[in-house]
Amino acid sequence: MDFQSCFPIWDKLNTDQQNRILGSLVSPHVKKGTVLHNGSMDCTGLLLIKSGQLRVYILSEEGREITLYRLFDIDMCLFSASCMLRSIQFDVTIAAEKDTEFWVVPAEVYKGITEESAPAANYTNELMASRFSDVMWLMEQIMWKSLDRRVASFLLEEASIEGTGKLKITHETIANHLGSHREVITRMLRYFQNEGMVRLSRGVIEITDTDKLEELSAS
């Protein structure tokens with residue numbers, strides 16, 4: 001698998017533009033927990049995930065985190081090229097949730113190409129619109145969906161990502177994803193356990209009744 005086959009508009013770029021990308025392209029490999037991008041003053045560049053998993057989140061003044069969205073194989077991250085997005089006024093942090101390998105196109109290189117290439121500019125606008133759609137969906141969840149439903153949805157999503165109902169995840173991690181407090185999440189999970197939906201043990205949450213969780217999530 002190479003960058004050319006994974007970048008959606010590669011064939012729409014001219015030879016000079018392709019060579020400029022290939023000449024500046026780097027392919028780091030980072031360990032789980034590594035912070036790749038931190039705030040609007042950081043301008044990492046355009047990221048294309050080769051393999052692994054990244055988390056994009058914001059941090060409040062009180063230190064509470066909330067996940068905006070996650071990135072998986074062949075996903076693209078535009079917010080990491082913050083110097084291209086002067087109208088974006090909020091800071092995001094990007095961290096590896098798993099060992100991750102990715103390509104980086106330097107922001108100045110990609111910005112120059114978007115200024116020359118209509119397909120590149122259109123793709124960038126579509127990508128930005130898609131990410132803002134993710135953020136707006138999250139805001140709707142926070143405003144209109146109760147925490148028990150959000151926790152149920154998160155557990156089901158996590159089980160789908162990991163391919164197992166036995167989740168090695170802490171209550172603190174769930175709180176960070178959902179913008180809540182660990183104590184609140186712990187109380188909620190104990191309620192789920194009393195209702196027979198999960199089984200709790202140290203560092204592990206085992207889903208025992210998927211149907212009940214799905215019913216709660218959709219209620």
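## Basis of the description

The model is predicted, so local features need pLDDT of at least 70 and side-chain atom pairs count only at pLDDT 80 or more, while totals for chains, interfaces and linings use all residues. Residues are numbered from 1 along each chain as its sequence is written, and side-chain values use heavy atoms, with hydrogens and water left out.

## The open sheet

Four strands form an open sheet in the order 2-7-4-5, with antiparallel pairing. Strands here are DSSP runs of E with at least two residues, and helices are runs of H or I with at least four, both numbered from the N terminus. Two strands pair if DSSP finds at least two bridges between them. Strand 2 (35–38) and strand 5 are the edge strands, each pairing on one side only. From one strand to the next, the twist averages 20°.

Strand 4 (residues 54–59) and strand 5 run antiparallel and are joined by 6 bridges. Isoleucine 58 has isoleucine 66 in strand 5 as its bridge partner. Helix 6 lies across strand 4 and strand 5, at about 85° to strand 5. For such angles, axes are lines fitted to C-alpha atoms, for helices over the stretch in contact, and the angles run from 0 to 180 degrees between N-to-C directions.

## Arginine 70

Arginine 70 belongs to strand 5 (residues 65–71). Because its relative accessibility is 10%, arginine 70 counts as buried (under 20% relative accessible area; exposed is over 50%, partly exposed in between, with a 1.4 Å probe and protein chains only).

The side chain of arginine 70 makes polar contacts with the side chains of glutamate 97, at 2.9 Å, and glutamate 158, at 2.8 Å. A polar contact is a pair of N or O atoms within 3.5 Å; within protein, one must be able to donate a hydrogen and the other to accept it, and residues adjacent in sequence count only if both atoms are side-chain atoms.

## Threonine 170

Threonine 170 lies in the loop between strand 9 (166–167) and helix 6 (171–178). Its relative accessibility is 40%, so threonine 170 counts as partly exposed. A polar contact of 2.8 Å links its side chain to that of threonine 173.

## The nonpolar cores

The largest nonpolar core has 24 residues. Such a core is a set of buried Ala, Val, Leu, Ile, Met, Phe, Trp, Tyr and Cys residues joined through side-chain atoms within 4.5 Å. A second, separate core of 22 residues includes Ala159 and Ile185.

How values were computed:
Contact means heavy atoms within 4.5 Å.
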